Amino acid sequence: MPQVSMTVNGKAVSATVEGRTLLVQLLREQLGLTGTHVGCDTSQCGACVVHVDGKSVKSCTMLAVQANGAAVATIEGLATNGKLHPMQEAFRDNHGLQCGFCTPGMVMSALDLVKHNANPSETQVREWLEGNLCRCTGYHNIVKSIQAGAAAMRGAGR
Amino acid sequence: MAQDGIGASVRRKEDFRFLIGRGLYTDDIKRPGQTHAYILRSNQAHAELRKVDTEAAKRMPGVLAVFVGTDMEADKVGGLPCGWLIKNKDGSPMKEPPHPPLAIGRVRHVGDPVAVVVAETREQAKDAAERIEVDYKPLPAVASIAAAIKPGAPQIWDVAPGNTCYDWHIGDKAAVDAVFAKAHHVAKIDLYNNRLVPNAMEPRAAIGEYDAASGDYTLYTTSQNPHVIRLLMGAFVLHLPEHKLRVYAPDVGGGFGSKIYHYAEEAIVTWAAPKVGRPIKWTAERSESFMSDAHGRDHLTHAEMALDKDGKFLALRVATNANMGAYLSTFASCIPTYLYATLLAGVYTTPIVYCEVRAVFTNTVPVDAYRGAGRPEATFLLERLVDIAARDMKMDPVAIRRKNFIAATAFPYQTPVALQYDSGNYQATLDQALKAADWAGFEGRRAEAKKRGKLRGIGVSTYIEACGIAPSNVAGALGARAGLFEAAEVRVHPTGSVTVFTGSHSHGQGHETTFSQLVADQLGIPFDNVEIVHGDTAKIPFGMGTYGSRSLAVGGTALVKAVDKIIAKGKKIAAHMLEASEADIEFKDGKFTVAGTDRSKAFGEIALSAYIPHNYPLDQLEPGLDETAFYDPKNFTFPAGCHICELEIDPQTGTTHIAKFTAVDDVGRVINPMIVEGQVQGGVGQGIGQALLENCVYDKDGQLVTGSMLDYCMPRADDLPSIGVATHATLCAHNPLGVKGCGEVGAIGSPPAVINAVVDALRDYGVKHMDMPATPMKVWQTIRAASPKQAAE
Ligand code: FES
Ligand code: FES
């Protein structure tokens with residue numbers, strides 16, 4: 001069975017996987033990083049979004065072996081010393097989550113948006129979230145959160 | 001107002017763990033030695049199960065066991081019970097066919113569980129399931145209400161001739177018919193309320209575990225009501241005594257009704273765990289959710305409103321066929337009856353109402369409560385019919401509503417369909433919404449849109465709903481087989497912090513925050529000194545869980561009652577310590593004070609004394625400060641309000657764009673406005689989804705056409721508008737907090753507002769009604785089909 005090595009949230013990890021093992025399975029089941037969620041089986045929902053080499057990726061749509069050698073970042077890696085990242089803080093401050101299931105994917109996806117567009121409009125946020133489903137919020141507060149998070153990140157120079 | 005007390009938008013306690021990826025959902029749990037189950041499901045809508053050969057599967061790598069329905073039957077496992085007995089018009093009981101967790105002899109819908117494979121890994125279980133050979137003898141299927149009620153239709157259950165589960169009614173038919181016979185005008189509608197798939201983002205999951213040393217069972221499950229599952233599964237299905245069965249529903253990723261019910265998989269993993277000797281986990285793939293989570297709505301209705309010449313409503317007559325699916329889900333039977341027909345008076349003074357409902361079996365997934373549950377169906381038909389009546393009578397849709405509103409001074413108001421509304425002010429929510437939506441300026445915006453080639457429309461809906469169901473004895477008299485109270489325990493610790501154990505369950509509603517606000521406010525202690533525990537039958541008192549927007553109105557009231565007992569006991573302790581009479585002790589802002597003096601004891605001092613009872617009235621009072629209360633509601637609560645939708649249709653493409661959505665809701669007293677707004681926005685999101693996008697489709701042979709998120713149109717961020725929410729509170733008259741409930745109003749009020757707006761936008765095309773969802777194709781075809789003359793007018 002293939003052996004993979006990568007960094008996850010800055011830490012070197014290696015694991016033995018099956019050829020068919022998905023990146024999300026490696027993260028959740030072998031590495032115990034259950035913050036990344038699985039909400040569908042057709043790559044629609046985005047609950048599984050992580051960053052691979054700095055880009056947002058649906059980890060249900062990538063094999064673990066494809067991430068060999070990559071730098072993977074998950075929701076667990078964002079807060080430092082118990083202090084939330086400004087984007088996480090913005091979600092809390094704007095009630096951008098209810099059940100919390102879509103949230104990790106939303107936050108990781110939002111961070112990739114901000115990388116491309118530091119000051120996204122409401123329409124741009126809504127279009128960017130094309131691949132992230134939320135059943136609880138009606139998106140209103142998610143959009144608000146992401147715009148507020150982007151503003152906070154601009155302020156903090158991140 | 002304290003900055004984190006009642007009425008403050010306190011940021012949520014639960015968010016920190018969710019935001020750092022440390023929520024604990026059922027599938028996140030990994031039990032030592034855990035194995036994995038995969039359920040083989042029927043790919044046939046209706047078939048005889050001639051043979052299920054599991055031999056090859058059992059020999060596959062990693063496989064520990066394979067079970068079929070007859071294995072469970074041999075163990076005397078019972079069927080999944082239905083929690084509400086509905087009676088037919090003639091008083092006879094509804095038909096209740098058996099519902100074995102794994103099918104026996106016949107499968108009745110695509111997705112019906114046929115066998116379970118338990119293996120070391122999920123992949124191995126799934127691979128092995130492919131080796132199970134099922135010999136199906138296909139039978140003709142009925143996949144819709146229309147097909148099921150046709151004379152000579154294939155029969156799904158021998159016990160249910162004509163595929164009829166029940167034929168129920170409410171009201172005096174002869175009296176209603178007599179009013180209709182003399183009416184000035186009769187407005188009519190035929191509609192289909194579209195079938196929906198709840199699609200909470202977290203798929204269902206369950207882990208069954210058995211401890212051979214103690215004989216204890218544990219079920220971890222994605223449930224809105226763990227005690228209900230423990231009762232149903234323990235008493236009716238697996239025959240396990242409740243003290244040996246723990247049901248734990250940890251963080252749950254959304255429910256919307258779909259996680260109320262006792263599902264087959266919960267019973268299967270719990271039953272199989274001792275046989276395999278290890279914990280068994282099952283997690284649904286999304287495609288399994290589509291074919292096994294209970295669906296919502298699916299009503300076929302004809303309704304008529306009798307009016308006098310001034311537009312006063314004289315009587316309402318409704319005939320509905322409701323789809324139950326292939327089996328009766330836990331609360332399926334009460335949704336199209338007591339949660340539907342009883343809402344048909346709406347906010348209007350219609351003096352007399354008759355409604356008959358026939359519930360039918362079809363070869364489809366069971367249908368049960370989905371956000372709103374019966375009330376959205378009632379509201380949609382009524383608010384559409386009111387618009388049609390206005391148009392027939394050439395009246396303004398707002399004016400006809402005002403003319404028929406129950407007056408703000410008329411409460412308590414007895415409706416002709418059993419309910420008694422306790423409070424409300426429908427004029428006020430309407431006025432506030434008209435203003436916020438700039439209703440008066442609409443014609444200008446319509447004209448401007450027309451210049452751009454767009455069809456602009458506006459629609460209003462003035463809805464009411466019923467939450468916090470209901471006095472247990474009243475519900476029991478109507479066929480409920482469950483109690484409808486809620487429980488709470490308030491445990492004060494020696495140093496004055498508090499743990500609250502609630503029977504309510506949070507799966508996104510933010511109870512850890514709202515309940516903490518409530519308790520902190522009532523006890524005058526810091527918000528951060530309160531911890532809320534829910535979801536675990538090993539910890540919490542027996543509670544009924546969360547559905548029907550009941551958590552604050554019923555669960556919150558139980559909490560207030562428990563807090564009251566704490567304060568009452570605290571007064572006794574304080575009287576002793578302060579050497580005063582108990583009657584002279586006042587409790588305010590966390591202090592027990594002798595009235596008219598400055599002698600007082602802080603809440604923490606009383607708590608300490610209760611646990612270190614040295615200076616304590618031990619001869620009269622038990623030590624400790626820990627109280628439990630149960631509360632049975634006195635009535636439903638009746639949230640109501642007004643939703644206004646303004647939208648534009650592009651006649652070239654048929655696409656609808658919502659320009660503005662305004663909601664003004666009366667949910668009673670608001671504890672946390674931020675959370676209430678979020679609940680309403682989420683509900684409106686689902687309501688707009690129903691109105692414009694979502695539709696669960698079966699083909700005529702019973703194959704599920706919309707079986708994945710590729711085919712079923714879930715609302716995305718760019719499908720929905722920003723949603724303006726305001727509240728206008730009249731207090732509930734029969735609970736101490738004056739709260740009504742906010743979880744479902746969004747999904748109830750919004751669909752008719754959207755469709756009324758679509759029909760308004762298309763008014764030049766002769767469109768009187770459009771069934772949901774108003775997809776671009778449907779709208780475009782409607783525009784194309786309109787005669788050129790109408791289009792040119
Ligand atoms: S789990 Fe749904 S997109 Fe990955
Ligand atoms: S918060 Fe529940 S799915 Fe988004």
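Mentor: Helices (H or I, at least four residues) and strands (E, at least two) are DSSP runs, numbered from the N terminus. The model is predicted, with local features requiring pLDDT of at least 70 and side-chain atom pairs counting only at pLDDT 80 or more, while totals for chains, interfaces and linings use all residues. Residues are numbered from 1 along each chain as its sequence is written, chains are lettered from A and ligands numbered from 1 in the order in which they are written, and side-chain values use heavy atoms, with hydrogens and water left out.

Trainee: Is helix α7 of chain B mostly covered or mostly uncovered?

Mentor: A residue is buried under 20% relative accessible area, exposed over 50% and partly exposed in between (1.4 Å probe, protein chains only). Helix α7, residues 226–237 of chain B, is mostly covered, with nine of its 12 residues buried, among them P226(B), I229(B), L232(B) and V237(B). Those buried residues pack against β10 (216–221), β11 (245–248) and α8 (264–276) of chain B, where contact means heavy atoms within 4.5 Å.

Trainee: How does A436(B), in helix α12, count on that scale?

Mentor: A436(B) lies in α12 (residues 426–436) of chain B, and because its relative accessibility is 42%, A436(B) counts as partly exposed. Leaving aside residues up to four places away in sequence, A436(B) touches K660(B) and T662(B).

Trainee: In what order do the four strands of the open sheet that includes β19 of chain B stand?

Mentor: Two strands pair if DSSP finds at least two bridges between them. Here the order is β21-β20-β19-β25 in chain B, with mixed pairing. The edges are held by β21 (530–533) and β25 (626–631) of chain B, each with a single partner strand, so one side of each is left without a neighbour in the sheet. The twist averages 15 degrees from one strand to the next, with axes taken as lines fitted to C-alpha atoms (for helices over the stretch in contact) and angles running from 0 to 180 degrees between N-to-C directions. Strand β19 (residues 486–492) of chain B pairs with β25(B) in the antiparallel sense over six bridges, and within that pairing E486(B) stands opposite Y631(B).

Trainee: Which strands does helix α16 of chain B touch as it packs on the sheet?

Mentor: Helix α16 (residues 551–578) touches β19, β20 and β25 of chain B, and its direction makes about 140 degrees with that of β25(B).

Trainee: How many residues does the largest nonpolar core have?

Mentor: Such a core is a set of buried Ala, Val, Leu, Ile, Met, Phe, Trp, Tyr and Cys residues joined through side-chain atoms within 4.5 Å. The largest has 191 residues, and those with the most contacts inside it are Y421(B) and L762(B). Apart from that core lies another, of 48 residues, including V492(B), V498(B), I532(B) and F592(B).

Trainee: What area is buried between chain B and chain A?

Mentor: Buried area is the accessible area (1.4 Å probe) that two parts lose on being put together, summed over both. For chain B and chain A this is about 4300 Å², of which carbon and sulfur atoms give 54%. In chain B, L19(B), M201(B) and R716(B) lose the most area to chain A, together 18% of what that side buries. The contact takes 56 residues from chain B and 47 residues from chain A.

Trainee: How many salt bridges cross this interface?

Mentor: The rule (a side-chain nitrogen of Lys or Arg within 4 Å of a carboxyl oxygen of Asp or Glu) finds five between chain B and chain A. The side chains of D127(B) and R20(A) meet in a salt bridge, at 3.1 Å from N to O.
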